[in-house]
Amino acid sequence: MYAQLVETGSKRLKTKEEMSPQEREFQEKVDAEIKIEAKNWMPEGYRKTLVRQISQHAHSEVVGMLPEGNWVTRAPTLKRKLQLMAKIQDEAGHGLYLYSAMETLGADRDEEIEKLHQGKAKYSSIFNYPTLNWADMGAVGWLVDGAAIVNQVVLQRTSYGPYSRAMVRICKEESFHQRQGYQILLDLMREGTDEQKAMVQDAINRLWWPSLMMFGPHDDESPNSQQSLAWKIKRKGNDELRQMFIDQTVPQLEFLGCTAPDPDLKWNEETGHYDFGEINWQEFYDVLKGNGPCNRERINTRKKAIDEGRWVREAAVAYAKKQKQRTQAA
Amino acid sequence: MTQAEALQEYLLRLADSDMILGQRLCELCGKAPALEEELALMNVALDLVGQARNWYEYAAELIDDGGDADKLAFRRDAHNYRNLLLTEQPNEDYAVTMGRQFFFDAWHYLTLNSLVDSSNERVAGIAAKALKEATYHLRRSSEWIKRLGDGTEESHRRMQDAVDILWRFTGELITPNDTDHIMAEAGIGPEPDQLASNWREMVNEVLTQATLTPGADDAWMYMGGKHGEHTEHLGFILAEMQFLQRAYPDATTW
């Protein structure tokens with residue numbers, strides 16, 4: 001995921017004539033689908049946009065561990081516990097992998113994490129919602145990872161080489177998470193008690209709309225999208241991706257025997273797509289600004305971990321230094 | 001105690017110790033001092049819970065009361081748990097977390113290293129797989145003990161405090177009870193004296209390299225986990241870990 005709202009620094013696209021020769025050469029390369037690599041020249045806006053997007057994506061992986069951490073100590077069976085632990089471990093791995101991709105652009109991991117803790121950097125708004133019952137672990141896998149995959153499959157073709165390659169690897173693991181999440185829900189709906197089935201519907205009711213918000217504002221409300229599309233950092237618009245997600249998800253919802261909390265959701269024979277109701281954009285912008293149910297808790301938890309771990313990291317550095325001196329002295 | 005009863009006790013000790021330590025590590029999700037540690041802690045936890053499942057499955061077959069591994073993990077109360085007291089101690093700071101891990105890993109590695117030659121083939125098979133993982137765990141926690149012990153002034157103080165706090169739970173690792181003697185005599189489990197001296201040697205070596213002082217040889221030791229008498233912590237661990245199975249006893253699938 002999670003190019004929800006990434007500032008590009010430009011409100012209007014430059015024409016070819018307005019570009020410098022370097023910029024023009026860069027744009028021609030992008031247009032020809034030639035990947036940009038770390039050592040290549042790139043416009044400053046392109047570099048900054050990528051740093052923002054990749055760091056936002058990495059922060060999302062790391063913050064995204066928290067709503068799952070909320071249930072990993074309470075997973076109901078050994079199998080489910082092991083699955084959830086493996087998923088969380090994958091997410092930490094994705095975070096590391098993405099921070100590395102970001103660092104190829106000259107950005108510093110610690111500095112970007114500091115921006116997150118100061119509330120200056122974003123992460124996917126979905127993780128500011130609480131996970132309130134066990135079925136949320138299924139619904140997060142199915143809906144949240146599902147929405148992320150729709151975004152990320154397209155990002156495998158993003159113009160920046162290291163990011164594109166990170167996406168290829170991450171997509172494979174997330175598809176697995178999504179199937180696993182869906183299976184949790186399916187098992188509960190097929191063999192569960194009435195109380196367990198109610199958990200599933202409750203989880204879907206709470207996570208449905210926030211999942212749709214993961215694709216970001218309408219394209220006409222998203223001034224940065226045009227530049228990101230021209231640079232091929234983004235490959236498809238927010239609305240198109242959201243529609244793809246809805247179209248693939250609704251049949252799965254019906255197969256579960258559950259409903260979405262959207263009275264306007266229905267198949268449109270003419271367009272060949274599902275129609276759906278309007279997203280509560282006020283809520284979207286509120287959560288983005290820090291006023292979601294768990295924004296404070298999520299950031300505080302991350303900040304506390306890094307602050308309280310400072311002495312540990314300092315010790316590791318000091319020890320490595322001593323070891324180096326010992327090796328040199330020997 | 002018959003040999004069959006002793007084997008059940010012993011399997012539950014292995015399973016419960018893995019499970020409870022894995023649970024403690026799960027509590028640290030999102031709270032590790034660095035992202036690399038986040039990955040490593042969850043990795044170790046995953047190994048431990050995976051091993052617990054293998055031991056539970058074998059134990060459930062032997063107990064043969066219609067229950068399975070999940071029933072053993074999620075439906076037994078504290079007094080039926082057989083984990084070492086060390087594993088249920090709280091995470092506190094990272095020095096305590098790594099100190100607990102190191103003392104456990106040294107015991108775990110040495111135990112598994114002996115169990116791979118067990119006269120019980122099933123035990124030997126499970127141990128062989130687990131030993132590879134435990135070898136990595138021990139290497140990792142030994143390195144951390146050295147980093148923290150011989151790092152900065154603060155880390156040294158914290159690490160020494162952790163050793164002092166945890167030392168009273170180490171006696172249980174190497175003090176045999178009836179179960180240990182029966183297992184050793186049957187050629188199933190390790191020879192207790194050998195295990196104890198190897199553990200002391202290994203721990204002393206790492207602590208010395210880490211510029212840390214081990215506890216006194218004659219220090220008072222807190223024991224009881226092996227026969228189900230636990231510290232106050234275990235009840236709370238189980239209340240959290242077993243919540244869903246307890247709250248929805250009619251559920252047959254998850």
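**Helix packing and chain contacts**

Author: In chain A, helix α2 (residues 44–63) packs with α4(A) at an angle of about 165°, their axes being 8 Å apart. Axes are lines fitted to C-alpha atoms, for helices over the stretch in contact, and angles run from 0 to 180 degrees between N-to-C directions. Helices are DSSP runs (H or I, at least four residues), numbered from the N terminus. This is a predicted model, in which local features need pLDDT of at least 70 and side-chain atom pairs count only at pLDDT 80 or more, while totals for chains, interfaces and linings use all residues. Residues are numbered from 1 along each chain as its sequence is written, chains are lettered from A and ligands numbered from 1 in the order in which they are written, and side-chain values use heavy atoms, with hydrogens and water left out.

Reader: Are α2(A) and α4(A) roughly parallel or antiparallel?

Author: They are therefore roughly antiparallel, a label for angles over 145 degrees. The crossing of α2(A) and α4(A) is left-handed, meaning that the near helix is turned anticlockwise from the far one by less than a right angle.

Reader: Which residues make that contact?

Author: Contributors from α2(A) include A:Val51, A:Ile54 and A:His57, and those from α4(A) include A:Glu91, A:Leu98 and A:Tyr99. Contact means heavy atoms within 4.5 Å. The residues of this contact divide into 8 nonpolar, 5 polar and 2 charged. Ala, Val, Leu, Ile, Met, Phe, Trp, Tyr, Cys and Pro count as nonpolar, Asp, Glu, Lys and Arg as charged, and the others, Gly among them, as polar.

Reader: How does α3(A) cross α4(A)?

Author: Helix α3 (residues 65–72) of chain A and helix α4 (residues 78–103) of chain A cross at roughly 155°, and their axes come within 10 Å. That makes α3(A) roughly antiparallel to α4(A). Their crossing is left-handed. Among the residues that meet are A:Met65 and A:Trp71 in α3(A), and A:Leu84 and A:Ile88 in α4(A). The contact comprises 7 nonpolar, 1 polar and 4 charged residues.

Reader: Turning to chain B, at what angle do α1(B) and α2(B) pack?

Author: Helix α1 (residues 3–26) and helix α2 (residues 35–63) of chain B pack at about 155°, with axes 8 Å apart. That makes α1(B) roughly antiparallel to α2(B). Their contact has 20 nonpolar, 3 polar and 2 charged residues.

Reader: How many residues are in contact between the two chains?

Author: 50 residues of chain B are in contact with 50 residues of chain A. The area buried between them is about 4300 Å², of which carbon and sulfur atoms give 71%. Buried area is the accessible area (1.4 Å probe) that two parts lose on being put together, summed over both. B:Leu35, B:Leu46 and B:Trp254 supply 18% of the area that chain B buries against chain A, more than any other three residues.

Reader: How many salt bridges are there between chain B and chain A?

Author: The count is 4, a salt bridge being a side-chain nitrogen of Lys or Arg within 4 Å of a carboxyl oxygen of Asp or Glu. A:Lys322 and B:Asp150 are joined by a salt bridge between their side chains (3.0 Å, N to O). Over all chains, the structure holds 33 salt bridges.

Notes:
Helices (H or I, at least four residues) and strands (E, at least two) are DSSP runs, numbered from the N terminus. Angles under 35 degrees count as roughly parallel, over 145 as roughly antiparallel, 65 to 115 as roughly perpendicular and the rest as oblique.
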